[in-house]
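Here is a short briefing for a first look at this chain. Keep the sequence and the 3D view open as you read.

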Amino acid sequence: MKLDFAAINAAALSSLESLVTEWLPAGRREGHEWKVGSLSGEPGRSLSINLTSGVWKDFAGDAGGGDPVSLLSALKSINRIEAATELAKRFRIESEQADQKW
């Protein structure tokens, strides 16, 4: 199966606020960022997700990334292909017809 990471990330980015609200419900919006304690999802401010760009960083550790696929991968402790596949299904992106892009 081929995955178009750019298309998947673009679709997820357009709905990122609703995704992080679902994935990290203990967080809260502060300006253009979603703040939560960590990838475990507890209340706090160490994990920051830019809702415009998708760039995220857990300032209490080394975890960070630049897009929704990497965020879902880190949250669920799955690889990027599994995370991209899950998001592709959610947003009904046809993977078989796309070019694989990293």
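How many bridges join β3 to β4, and in which sense do the two strands run? Three bridges join them, and they run antiparallel. Strands pair here if DSSP finds at least two bridges between them. Helices (H or I, at least four residues) and strands (E, at least two) are DSSP runs, numbered from the N terminus.

This is a predicted model, in which local features need pLDDT of at least 70, side-chain atom pairs count only at pLDDT 80 or more, and totals for chains, interfaces and linings use all residues. Residues are numbered from 1 along each chain as its sequence is written, and side-chain values use heavy atoms, with hydrogens and water left out.

**The sheet**

- Five strands make an open sheet, ordered β1-β2-β3-β4-β5, with antiparallel pairing.
- Its edge strands are β1 and β5 (64–65), each of which pairs on one side only.
- β1 (residues 28–30) is joined to β2 by three bridges.
- Within that pair, R29 has W34 as its bridge partner, and E30 has E33.

**Two faces of β3**

- In a regular strand, side chains alternate between the two faces of the sheet.
- In β3, L47 and I49 point one way, while S48 and N50 point the other way.
- All four are buried, meaning under 20% relative accessible area, where over 50% is exposed and anything in between is partly exposed (1.4 Å probe, protein chains only).

- The largest nonpolar core has 23 residues. Such a core is a set of buried Ala, Val, Leu, Ile, Met, Phe, Trp, Tyr and Cys residues joined through side-chain atoms within 4.5 Å.
- V20, W23, L24, I49 and L87 have the most contacts inside this core.
- At least two core residues come from each of α1 (5–14), α2 (16–23), β2 (33–36), β3 (47–50), α3 (68–76) and α4 (80–90).
- L16, L19, V20 and W23 are buried in α2. Seen down the axis of α2, its buried residues fall within an arc of 95 degrees, so they line one face of the helix. The arc is that of the directions from the helix axis to the C-beta atoms.
- The cover over these buried residues includes α1, β2, β3, α3 and α4.
- Not counting residues up to four places away in sequence, V20 touches P25, W34, I49, L51 and L71. Contact means heavy atoms within 4.5 Å.

**D58, a buried charge**

- D58 lies in β4 (residues 56–58) and is the bridge partner of L47.
- D58 is buried yet has no salt bridge, which would need a side-chain nitrogen of Lys or Arg within 4 Å of a carboxyl oxygen of Asp or Glu.
- The nearest side chain of opposite charge to D58 is K57, 7.3 Å away. Lys and Arg count as positive and Asp and Glu as negative; His and the chain ends are not counted.
- Leaving aside neighbours within four places in sequence, D58 is in contact with G37, S38, L39, S46, L47 and A63.
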